[in-house]
Amino acid sequence: MMTSLPSPGAQPGSSLVAIRGLSVRYEERQVLNRVDFTLQRGQSVLVVGASGSGKSTLAMVVAGLIPESVEAEIEGTIDRDPVLDKPGRVGYIFQDPESQFCQLTVGQEIAFGLENMRVDRSQMDPRIADALQAAHLAVSPSAYDLTLSGGMKQKLAIAAALAQNPEVVVFDEPTANLDPQGTAEVFHEIRRLQDSGRTLLVIEHKFLAFVDLLPQVVLIDRRGTVRAGGPTRQVMDEQWPWLVQEGLVPAWWKGISGAWGQPAALEALAAAHRPPEAPEAARPDLFEARGLRFAYGKRKAPQEVLHGLDFRIGAGEKLVIVGPNGSGKSTLLSLLAGLSKPSAGEMTRPVAREGMPVPVVLGFQNPEHQFVYERVADELADGYVGDEMPAKVAALLKQFGLEGYESHSPFSLSQGQKRRLAVAVMVKDDHLAYILDEPTFGQDARTQEAIVTQLEALNEQGRTVVITTHDMELAARFASRVMVLIAGDIAFDGPPEELFANTPLMERAHLLPESSPPFAQPAGEVAPDPATRGWSRFAEVSAAQKRSWMGQLNPSFKLIATMLAMGIAMFAANIPQAVALAALPLILLWVGAKLTPGQIAKRMAPFVIFFILYTWTLTAYSRVGPHTPVFYFLWYRLSWTGLDNGLVLAFRMLASVAFGVLFVSTTDLTDLIVSLSQNLQVSPRFSYGSLAGIRVFPLFEDEWRKIRQARQLRGKEGRFRMARIVTYALPLLSQAIRMGERVSIAMEARGFKGAAAQDPKARTYYREIPVCWGDGVYILAICAVSVAILVLIR
């Protein structure tokens, strides 16, 4: 059935987007099929459909990202109001917030879109503050976005979109990573935007909560066609049997009206799914924690996220761990799986045994970390599958809604499909305990039911299942025991009915959809992600070096001086010249950068060791002729000529490296990137694109670790270190390419295209990087002193 969305009361010509007969096909699959859709100015539209039905594709067409930024084959017509082509007129909150960040700090991230819109610098800070308040994200604008929890990143993505004051706001699964109260805050923000007359397009699996919030709805079936559209409550009532049949609402939910997420309903749901009481034999403990603590940043200023936990988990239990974003749930799962070690206390867990080399398996929050092979069928078979599909693989494909995707790359699937595949890979083999981090997030009701059914079956076989979730209905239906974590402490541990009867505790743990006042996390209280260890040292210089006169120099001019000095150092022809040139940056590190001799030695030590070995190699292994002067050390015959050449080359390189260390030690990374465009007129596409790429560097250590852990859990780690390096390189490269593509699309969605991406003068800058006479003097002085050394020292 094909229909278009009616627009009651809309004036002729007031449509912002009109789509007729639209079909969209990616390289591997068709996602939309002859869709008609009209979005009127001021409308609020809910888009509902199964995972992979093309909802996000429709949203990207509305936003103008398809076909301009995302390659796809399209048929049909797309008419968009020209006003939407201006930077910032469409705000897009993507499904995965991590993939839309391109800056280092919260303030810079929000300001990026404002820069593309040419907003005056004086207006940026007030708009950043308003956006953070509107998104209920109470963190400092100087906080690093990588240190935010998943839910807080989602709120930052919303704040970045709202700061642009867009005409149309697209929410693509905005509550996927949020706890119930965070979800309620997004609902409040959507209502506020709707009241302000903003045009909204919302894609959401938790759509029942939007029935009375968004007046219009579009239903998309699994073939990518529009089944129905119109007033939300009317369409939902008419299409309720279809919604149940398609698996978009759970069969046990009685109609469109109900107290979704409220304590009384949750308590009744938990009681209804509680098995009859029966005497149980004593269960042996699989896990036991005594005084369990965990902290990030163990060397300096450790930040503890779990505080002395005591608990036991018995064989055959169904434990659900809930709590606010950033409360330590994912960290606890990593400890249970044995992938992290406690900072203090003890953790007892199952050990490998014959026939079961991996007794505990973990499903990561990011499903891509678990993929080992390049085809879906190979993932499920745990090895290459030929033309004949094994029966077990075919059954898993059908069970988890992945039929037709067996030859696709796991990384090309939608987020919901990746999650289903990751769960399927986990449960296909036998383990003592299955630990899953948000196993049903982003899934429609049918897939959630398939996942829950599979976990129930494993539990009936005596297996222990531990999951984290923000879905209280899932906790009510599945859990035999619920643990509530708040700020790294256990606030509750017991039957779900007791939790749902304790309304004050649920409010404190942000487990209710409507809590007042809106939750605001004190600025600076951010639970760090393990990927961010050492991030601040990578991204910025210390306060002392920032205040030094070297730190005050313009980064671009300092870069020019550094490159010239490194080039001049290569002309050193003898040892005195090379030593003098190497001494120059070392003196500047001490006097100009305010580093202590110990700090200088620590930074230079790896290079000095390398240069000593390099000099020894030339001294010991240079060709020795009949007239070559030599000397002896132990049993070595050494060449004076080789020593001389080695010292010259070593000090040349030492001078170059020292200038590089001087530059890195006194230059803020973001200041440098902004300065390149602001002061040297480098194309913003190059400079800001480089910053977006550099931003992910610290993530690679974490990605490497998680890939290694995933392969370890699947018995695919490999014995030899070099083999692991080669094996991990491909998924890391693939991840980098995919991340780059996503970030590029997100940057364009925030107006980084056309003149804003090509002409440095066609944008404004949140940071002002001044140029003064001292910057030119520094270049001249460095060059003059370096040349003087070459001329005067013979």
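Of the 794 residues of the protein chain, 56% count as buried (under 20% relative accessible area, with exposed over 50% and partly exposed in between, for a 1.4 Å probe and protein chains only). The model is predicted: local features need pLDDT of at least 70, side-chain atom pairs count only at pLDDT 80 or more, and totals for chains, interfaces and linings use all residues. Residues are numbered from 1 along each chain as its sequence is written, and side-chain values use heavy atoms, with hydrogens and water left out.

The protein chain has 27 helices and 20 strands. These are DSSP runs numbered from the N terminus (helices H or I, at least four residues; strands E, at least two). Among contacts (heavy atoms within 4.5 Å) between residues at least 6 apart in sequence, 73% join residues at least 24 apart.

The largest nonpolar core has 55 residues. Such a core is a set of buried Ala, Val, Leu, Ile, Met, Phe, Trp, Tyr and Cys residues joined through side-chain atoms within 4.5 Å. Leu46, Ile110, Phe171 and Ile190 have the most contacts inside the core. Helix α4 (residues 150-162) gives the most to this core, with 8 residues. Leaving aside residues up to four places away in sequence, Ile110 touches Ile128, Ala131, Leu132, Leu156, Ala159, Ala160, Ala163 and Arg750. Apart from this core lies another, of 49 residues, among them Val385, Tyr405, Ala424 and Val452.

Helix α19 (residues 575-591) packs with helix α21 (residues 640-666) at an angle of about 20°, with their axes 8 Å apart. Axes are lines fitted to C-alpha atoms, for helices over the stretch in contact, and angles run from 0 to 180 degrees between N-to-C directions. α19 is therefore roughly parallel to α21 (under 35 degrees; over 145 is roughly antiparallel, 65 to 115 roughly perpendicular, the rest oblique). Their crossing is left-handed (near helix turned anticlockwise from the far one by less than a right angle; clockwise is right-handed). The contact residues divide into 19 nonpolar, 1 polar and 2 charged. Here Ala, Val, Leu, Ile, Met, Phe, Trp, Tyr, Cys and Pro count as nonpolar, Asp, Glu, Lys and Arg as charged, and the others, Gly among them, as polar.

α19 also meets helix α27 (residues 773-792). The axes come within 9 Å and cross at roughly 155°. α19 and α27 are therefore roughly antiparallel. Their crossing is right-handed. Gln577, Ala580, Leu581, Leu584 and Leu588 in α19 meet Tyr778, Ile782, Val785, Ser786, Ile789 and Leu790 in α27. This contact comprises 9 nonpolar, 2 polar and no charged residues.
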